[in-house]
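I opened this notebook to record what I looked up in the structure. The entries follow in the order in which I made them.

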Amino acid sequence: MKDKEKLTKGIQTVGVSVAIIILAPILLTMGFKGIALETPLFGYILLLIGFIAAIAGMILMVKGIKYFLDHWFEQ
């Protein structure tokens, strides 16, 4: 992989992870409110999706930072 490709892939990965990290708390909040109201099954589904999104966002952020570091420190 060339240097410019690593930088581009790093920027794309970090961008997607930021979007997922912003979306995850929204899903978690909707899930908790859904459990407290009248639709607990829908709330549990949203909670599961929110937790998975939070973990996926963190993993993607680490991968994106790794691409940046590979781009900067490769010789």
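I began with Ala56, which counts as partly exposed because its relative accessibility is 30%; buried means under 20% relative accessible area, exposed over 50%, and partly exposed in between (1.4 Å probe, protein chains only). I found Ala56 in helix 2. Ala56 and Phe32 lie 24 residues apart in sequence and 20 Å apart in space, C-alpha to C-alpha.

I noted the basis of these values. The model is predicted: local features need pLDDT of at least 70, side-chain atom pairs count only at pLDDT 80 or more, and totals for chains, interfaces and linings use all residues. Residues are numbered from 1 along each chain as its sequence is written, and side-chain values use heavy atoms, with hydrogens and water left out.

I then checked helix 2, residues 40-73. Helices (H or I, at least four residues) and strands (E, at least two) are DSSP runs, numbered from the N terminus. The 34 residues of helix 2 should span 50 Å at 1.5 Å a residue, and the 49 Å between its end C-alpha atoms agrees; the expected span is 1.5 Å times one less than the number of residues. Its buried residues, among them Gly43, Gly50 and Gly57, pack against helix 1 (3-36).

The buried residues of helix 1 include Lys6, Gly10 and Ser17, and they pack against helix 2.

What does Ser17 contact, its neighbours within four places in sequence aside? I found Gly57, Leu60 and Met61, where contact means heavy atoms within 4.5 Å. Ser17 is buried, because its relative accessible area is 0%.
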